[in-house]
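Subject: Structure handover

Hi there,

Here is the structure I promised to pass on. Have a look at it first, and then read on for what turned up in it.

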Amino acid sequence: MRARPLLGAFGVALLLSAGCGIPASSDVRVDGKAGTATEAGSSNGRSSEPPSRTASGSDNEAFVRNFLSAAAGEPDRAYERVKAFIAPEHRLRLQDKKGSEVALTVVRLRESVFTFNSDSTTTVKISVQQIGVLRTNGTLAPPVATETEYEFRLRSAALGGADNDERAGQYVLDPPNVLLLSDVALQQYYQDESIYFWSSDRTRLVPDQRYLPFAVPDERRVNEVVRWLVGGPSDWLRPGVVGLPDGTELINNATGANNRWEVNLDMSGDDQNRVDQVITQLAWSLGDLPGELELKIRNNSQPVQDLNERRLAQPLYPVREGPQRFGVYEGAIRPLDFVGEPGGVVPLAAEVNRNIVSAGLARGANRVLAAMVVTSGKDRQRLAVGAGADTVAALNRGGTEYASISRPVWLRTVDSRPAQGLVVADGRLYRFDEAARMSEVPLNLPSPQVTAVAAALDGQRVALVAGGRLYVAAINLDGAGSGMSVGPPRALVTSLTGLTAVDWIGEDRLVVAGSAGQPAIYEISVDGALETPLRTDVGAKVNHLTAYPTNRSVRVPTGAYMYEANKVAYRSSPFERIEPESVRDVPAPPAGVRPSNPSAPFFLY
């Protein structure tokens, strides 16, 4: 199975905040250290089982980290592992749940405060950010709990209350009545998996992020993935994809040995095209697993498939070449040249390459698509859209002017149907077509003020910034390709505030600009669980952000993004300012004239 590294978790630093309500006379310690739970063993450099209760001895900070890891692993033993940390006389306070009702409350630890009491116990207050609920089907659902703080006590497990017996460890008293799991433990004890469902129009596969405990034996991994597929997509993704045929069930368990895997499904086999799509779906959902797959439909074998050959024959995304960098310079799109990177040619005729503020260009089915924001009178903007085989020679212009329009994005297609895109104009989300016709997309959000929109490579998922918060949603396209609807947006939890821009940097990762006390750029998983700071010294609010999304079909440079802040453009890998000298086909300015700054950078792919 594929073992992709999870994103690094941020927010593990435990901060002391004022006004915590602790009496001045108490003996208080505040944990200011970051770190992962003590290892209990590892496989391939990754921990498989969380540490035992006694692993931390009498170290309070380590014990709390380990307690917030105890629930990690196979769900049927989660309560057993957590109760091992709880004093026997208090275990009934944590009420067991069984089967699919087992759910872990995933939190981002903000602060730990320890108060030493006169009865030799220690009161622990942990401040947290609720991230979500990890279900037994591997999905991370939106958070249900609203608590921002949990309180419990610790006592020595040594006989007679001796507090110097390291081997005895400690116990939890007055435990929370939920299974808590830190985001650090989610990173350390789970492997993130992408399983795939066919889009609503059955033209492409769409990833759905899941988590599988490292403790699950290798021989059961295939079985778990197949069960996830049978169970259907995540709730937020459901409006944009279709599951396996109704009534599909797994017959017995999926089996495998010596790079040969057998899956037996109880589903209709009358539609051979549908069966073939299930085989492709399985091949990609099994990650980089090598070997052969034998799919049986009601015990009737289909031709054995080589998994690698199937993945090569049915690539995930319509990307046929690597990215090329462009930017806007003095109202025209220009190539950006950097050492070691392929240079591009502007796919616009000279007569239409003017008065441009920002642009979204994409390669569709045998043609180039261009959507641009152009100036239209004083302080007004208009959308201009065009398409061409190699060069866009004419543009259709929208009939409405706006004060502000965001960078437009295309919903990528795999066929020759008319293309569609999304753009934000004066705080509202609009769909546009190749004729530059715009129609508002209704969104049921707490704040109607949309700031940014970004589309995933699969063309079926979007990310939105609205009211300073981050959302993801599924796109549903009708069979004719002329209609589109956006499913209910799912809010993602992040430690960033005041978000301003977003783009997709991977099939299950976003790059997001906001504030972490000062302007910053983070990488965030598509469910909001895991985040990594990319730039914490941006210096000014980011008003434009673009990325090249890595994917499993085209393995080209990872983590490439560009942004603009305070009218200056920057790039990553390496991080540097985009200077006028990087703009191709621009003559040097006259002596004594300062060159303009390139702006609104973007990738064409």
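A search of the whole structure turned up 6 cavities of 30 Å³ or more. Here a cavity is a set of points on a 1 Å grid over the protein atoms alone where a 1.4 Å probe fits but cannot get out, and a volume is the space filled by probe spheres set on the points.

Please keep in mind that this is a predicted model: local features need pLDDT of at least 70, side-chain atom pairs count only at pLDDT 80 or more, and totals for chains, interfaces and linings use all residues. Residues are numbered from 1 along each chain as its sequence is written, and side-chain values use heavy atoms, without hydrogens and water.

The largest cavity has a volume of about 230 Å³. Its lining (residues with an atom within 4 Å of a point) consists of 19 residues, with L361, R407, V409, W410 and Y605 nearest the centre. Strands (DSSP E runs of at least two residues, numbered from the N terminus) β21 (356-363), β25 (409-411), β38 (542-547) and β42 (599-604) each supply at least two lining residues; β21 gives the largest share, 4 residues. By type, the lining divides into 14 nonpolar (Ala, Val, Leu, Ile, Met, Phe, Trp, Tyr, Cys and Pro), 2 polar (the others, Gly among them) and 3 charged (Asp, Glu, Lys and Arg).

Elsewhere, helices (DSSP H or I runs of at least four residues) α4 (residues 218-231) and α5 (residues 272-285) pack at about 130°, with their axes 10 Å apart.

Best wishes

Conventions
Axes are lines fitted to C-alpha atoms, for helices over the stretch in contact, and angles run from 0 to 180 degrees between N-to-C directions. On a 1 Å grid over the protein atoms alone, a cavity is a set of points where a 1.4 Å probe fits but cannot get out, and a pocket is an open set with protein on both sides within 12 Å along at least five of seven lines; lining residues have an atom within 4 Å of a point.
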